[in-house]
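Thanks for coming. I will go through one structure today, from the whole chain down to a few contacts. Please have a look at it first.

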Amino acid sequence: MTFEPADSGPAPLPDRVPLYGPAFAADPASVYELLRRYGPVAPVELAPGIPATLVTSYEHALEVLRDADTFPKDARRWQRSVPSDCPVLPLMQYRPTANLTDGAVHDRLRQAVSESLAQVDVEALRGHVEQSAELLIDRFGAKGAADLRTQYAQTLPLLVFNRLCGVPTALGDRLVAGMSAMMDGGADAENANRDLAQAVAELVALKRREPGADVVSWLMAHPARLNDEEMAHQIVMLLGTVTEPEQNLIINTLRLLLADDRFAGDLSGGSLAVQDALDEILWSDPPIANYGITYPVKDVDFAGVRLPADQPVVVSYAAANTDPSISMGDRTGNRAHLAFSAGDHTCAAKGQARLIASVAIEKLLDRLPDMRPAVPAEELAWRTGWVHRALVELPVVFPPSQPAMPAEPAVAVRDSRFIAAPVPAGSAAPSGPPPGASAAGEPRPFWGPLARRRRGGDS
Ligand code: HEM
């Protein structure tokens, strides 16, 4: 592959820029800035000795995402060229899932997945998120301090996933532990992949025996007639899309709300709402930072560069969103970002993804309106891995708050509350509004001024 740097600049450009390791995780924006000096696409390494091309321009990213014939998703030809212990193989390898297939195979799987997801009732979903949020906040609320990642954002999508998919909690924990280790892309990725496969196979067997009113059972019953292997692969994809990006959307938005003066400063500083903060994160720090991986079947001349056949072309949603050549004016309400991708593989659950994050954040702000960061923003550490943009932790302090729900039973509380009583499509939340919320799901009256300001409610 021949790269002619667009700008030779004072410092020579390296042959390839590594995307793995702590330096990239700590400051991806600087790396994207360096990569832009190569032009719209740049030579990177996804792991030591694993080359790829990263698309950093918004316009070129759209071109790749909208041209599935030139830029297909099937990784199998590439896989044959990498060692079996390649640390990014578990993350990138071909699977018969909606997000990694092309053409008729993709159409069939996507239809099955999106039609099953569409059966989820919006109000029931809102109820699941509110209940999950109340449960988690009750666990740490009285302590006056918490890590919002491990004690809230990480667990909440899992609880919601378990509820939507009818997953027993112990199994759900194993699913997420495996998925998390794979996303981190460390030395343990291969073992994590094996553990994940085992847990998913158990879930498929369970749902074949005992179908319920849940997404996994709806997928199983879909006219596409997915076999066990296809079922297992769609579940892993759904788990990956629900838990990791959702967690990062929640936590990155909370970080912005807590740390940025426009949200947490004095009243005159502005009254941006949670929705605006979500939009800002989806533009500036998208949870899936670099993905949309494609493998041209033949050499392609693109953006002045020859891209070799069968080598990964990765779309940087983060770099494309912050491409200086697109207008950086006020983006309030502007949803033309690529955080949910674009083209045939655009996220199949944008609305649900946004709803989960909004409700999770609003509920936390309702319950702990005087929450403050426990450490300065610049001391927060980021998880390694080039796919996700993910904090290690987000410690906060707040005046202790009383539990909103009845005391949890000492044993197996998560199993009993989040597996039982699946909610049929079209029904309302199982038992009316959660404790502490008004019947209409409106904010509770004891909101503090900080929470009102962050929601842009009435400041
Ligand atoms: C309820 C939670 C979510 C569900 C059920 C979900 C579901 C899906 C599915 C099924 C796909 C594959 C579509 C296809 O290839 O045809 C997908 C793709 C995608 N989703 Fe979501 N998603 C969720 C949350 C999120 C969140 C929070 C984000 C980040 C903001 C996100 C970003 C994406 C992106 C970027 C893709 C394209 C992946 C690629 O590059 O190949 N999703 N999602």
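I call a residue buried under 20% relative accessible area, exposed over 50%, and partly exposed in between, using a 1.4 Å probe and protein chains only. By that rule, 55% of the 459 residues of the protein chain are buried.

Two remarks on where this comes from. The model is predicted, so local features need pLDDT of at least 70 and side-chain atom pairs count only at pLDDT 80 or more, while totals for chains, interfaces and linings use all residues. Residues are numbered from 1 along each chain as its sequence is written, and side-chain values use heavy atoms, with hydrogens and water left out.

The protein chain has 19 helices and 10 strands. These are DSSP runs numbered from the N terminus: helices are H or I with at least four residues, strands are E with at least two. Contact means heavy atoms within 4.5 Å. Of the contacts in the protein chain with a separation of 6 or more, 75% are between residues 24 or more positions apart.

Now helix packing. Axes here are lines fitted to C-alpha atoms, for helices over the stretch in contact, and angles run from 0 to 180 degrees between N-to-C directions. Take helix α17, residues 350-367, with helix α15, residues 274-284: their axes come within 10 Å and cross at roughly 130 degrees. That makes α15 oblique to α17; angles under 35 degrees count as roughly parallel, over 145 as roughly antiparallel, 65 to 115 as roughly perpendicular, and the rest as oblique. Residues in this contact include Leu 278 and Leu 282 of α15, and Ile 361 and Leu 365 of α17.

Helix α7, residues 122-140, also packs on α17, with axes that come within 9 Å and cross at roughly 40 degrees. This pair is therefore oblique as well. Among the contact residues are Val 129 and Ile 137 of α7, and Ile 356 and Val 359 of α17.

Next, the cysteines. How many disulfides does a search of the whole structure find? Zero, where a disulfide is a pair of cysteine sulfur atoms within 2.5 Å. Cys 86 is buried at 4% relative accessible area, and Cys 165 is buried at 4% too.

Last, Arg 36, which sits in helix α2, residues 28-36. Is Arg 36 buried or partly exposed? Arg 36 is partly exposed, at 21% relative accessible area. Leaving out residues up to four places away in sequence, Arg 36 touches Thr 56, Ala 319, Thr 322, Asp 323 and Pro 324.
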